[in-house]
Amino acid sequence: MQTNGGGNGSSFYPEEVSKNRVAPFRYRRQTVDFKTSQKPGTIVINTNQHFLYYVLGNNRAVRYGVGVGRDGFGWNGTVTVGRKAEWPTWTPPPEMIAREKKRGRILPAQMEGGIRNPLGARALYLYQGGRDTIYRIHGTSEPWTIGLNVSSGCIRMLNKDVIDLYNRTKVGAKVVVL
């Protein structure tokens with residue numbers, strides 16, 4: 001896994017995006033043609049295009065719109081889904097708590113799952129070499145941020161889309177982040 005610049009020049013903090021924004025139609029879930037050598041059940045994430053693909057096989061995939069890491073928080077590499085959770089508890093890492101405190105935002109040490117929880121309805125926990133990377137594919141309490149570079153490295157999806165992906169994905173699934 002490598003960190004990279006994290007974006008295509010449109011980097012925001014979530015609170016800088018209008019809550020009235022509606023993600024463009026292209027970010028709606030749909031089955032598309034997708035040429036890949038990856039096996040069915042693999043997740044491929046194109047962070048520059050803000051798309052996550054769940055490989056179905058026969059050059060087809062389910063494509064979802066996603067929000068990705070803002071500038072300085074992007075990354076790429078191959079990881080696996082180490083575990084999954086419904087309405088997960090959010091525990092922000094100490095680095096995030098300190099970073100946000102400098103910005104004047106006080107984050108809780110932990111937040112139980114629920115509609116206001118930043119992880120949304122479901123989370124897929126990404127592991128590399130048997131260790132938690134601290135990155136997640138998760139839902140969001142901020143649906144207006146889909147299609148933008150807004151996160152601290154996690155891949156965020158609409159809650160209805162992350163539920164669909166969660167139901168399709170097995171623990172151990174390969175995840176390729178481009």
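Me: How far apart are the mean positions of the positive and negative charges of the chain?
Reply: This is a predicted model, in which local features need pLDDT of at least 70, side-chain atom pairs count only at pLDDT 80 or more, and totals for chains, interfaces and linings use all residues. Residues are numbered from 1 along each chain as its sequence is written, and side-chain values use heavy atoms, without hydrogens and water. Lys and Arg count as positive and Asp and Glu as negative, with His and the chain ends not counted; each charge is placed at NZ of Lys, CZ of Arg, CG of Asp or CD of Glu. For the 26 positive and 12 negative charges, the separation of the mean positions is 4 Å.

Me: Why does the radius of gyration of the chain agree with a compact globule?
Reply: The radius is taken over C-alpha atoms, and the globule rule is 2.2 Å times the number of residues to the power 0.38. For 178 residues the rule gives a value near 16 Å, so there is agreement with the radius of the chain, 15 Å.

Me: Is V55 buried or exposed?
Reply: V55 lies in strand β4, residues 51-57; a strand is a DSSP run of E with at least two residues. Buried means under 20% relative accessible area, exposed over 50%, and partly exposed in between, with a 1.4 Å probe and protein chains only. The relative accessibility of V55 is 2%, and therefore V55 is buried.

Me: What is the separation of the C-alpha atoms of V55 and S37?
Reply: Along the chain, V55 and S37 are 18 residues apart. Their C-alpha atoms are separated by 9.7 Å.

Methods
Helices (H or I, at least four residues) and strands (E, at least two) are DSSP runs, numbered from the N terminus.
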